[in-house]
Amino acid sequence: TKTIQNPSENEIILPQQLNLHPSKSPKLMINFEKFSIRANHFNVAKFSELQSKKTSDVLNSVNISVDTFDIVDNLVTSTWNKFASLLRHEHWTVNDPMFSFHLDMIKPLDYLEAIEYIMKVSIAPLRLHIDQDMLDFLIRFMGFQDSRFDLIDDYPDIFFLQKFEMDPLKLVIDYKPKKIDY
């Protein structure tokens, strides 16, 4: 048998060797309430360097918010049912969404073709109940790569993040190990 988590460098695990198949029920379920996406596109005139006013322009603006959410752990072997939920007894205004994301695409100078991004993220205080079985599942799920779906791009766009702002995040993690590896 071959291991999935720590294959040696010369050992290649092919997707057909992993015996992958869809599960009959979700292993992890995310419940959203009042999920909203608002996108704005602004018409911006194109200027030459001589016509330019040397100002920046906002091209697009995207706002994503979720009023309330929780993540349910549906693994049969897990000892907890909730994976993530709002941290109780912490100050969080009821009118504020538990998750909000704001993205602006801007031209730093109105005559340039370059695009820069400004992001702002806000997340309510969270409590994570992490069971070792769920952690192992998430590591396998997020680490899965199939070379058949690799993108081939000779000239990739360069994503330039001009500013990233995140409100303070309070996170309490409860972890239950099932085995300890030293």
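What follows is a short chat about a predicted model.

Me: How much of the protein is buried?
Reply: 26% of the 182 residues.

Me: Which residues touch the most other members of the largest nonpolar core?
Reply: F69, F83 and M134, in a core of 16 residues. The elements giving two or more residues to this core are β2 (57-73), β3 (82-86), β5, β6 (126-131) and α1 (132-143).

Me: What does F83 touch?
Reply: Leaving out residues up to four places away in sequence, its contacts include L28, I71, V72, L128, I130, M134 and L138. Charged residues are on the list too, among them D73 and R127.

Me: Take L138. Is it buried or exposed?
Reply: L138 counts as buried because its relative accessibility is 18%, under the 20% cut-off. It sits in helix α1. Beyond four places in sequence, L138 touches L28 and F83.

Me: How far is L138 from K27?
Reply: 9.8 Å, C-alpha to C-alpha. In sequence they are 111 residues apart.

Me: Switching to charges. How many salt bridges are there?
Reply: Six in the whole structure. One of them pairs D70 with K82 at 2.5 Å, N to O. D70 is in strand β2 and K82 in strand β3, so this pair ties together parts twelve residues apart in sequence.

Me: What does R127 pair with?
Reply: D174, through a salt bridge of 2.8 Å, N to O. R127 is in strand β6 and D174 in strand β8 (residues 171-176), 47 residues apart, so the link joins distant parts of the chain. Both ends are partly exposed: R127 at 28%, D174 at 22%.

Me: Which residues form a salt-bridge network?
Reply: D131, D133 and K178. S78 touches these three residues, and also D73 and M134.

Me: Where is S78?
Reply: In the loop between β2 and β3. S78 still counts as buried, with 12% relative accessibility.

Me: Now E116. What is the nearest side chain of opposite charge?
Reply: K163, 12 Å away. E116 is buried and has no salt bridge. K163 does meet E165 in a salt bridge of 3.7 Å, N to O.

Me: What polar contact does the E116 side chain make?
Reply: One with the side chain of Q162, at 2.7 Å. E116 lies in strand β5 (residues 116-123). Setting aside residues up to four places away, E116 touches D104, M105, I106, P108, F160 and Q162.

Me: Last one. What is phi for K34?
Reply: Near 55°, a positive value in a residue other than glycine. K34 is in strand β1 (residues 28-41). Its relative accessibility is 65%, so K34 counts as exposed.

Methods. Residues numbered from 1 in each chain as written. Predicted model: local features only at pLDDT ≥ 70, side-chain atom pairs only at ≥ 80, totals over all residues. Heavy atoms only, no water. Helix = DSSP H or I, 4+ residues; strand = E, 2+ residues; numbered from the N terminus. Buried < 20%, exposed > 50% of the residue type's maximum accessible area, 1.4 Å probe, protein only. Salt bridge = Lys/Arg side-chain N within 4 Å of Asp/Glu carboxyl O. Polar contact = N/O pair within 3.5 Å; in protein donor to acceptor, adjacent residues only side chain to side chain. Contact = heavy atoms within 4.5 Å. Core = buried A, V, L, I, M, F, W, Y, C linked by side-chain atoms within 4.5 Å.
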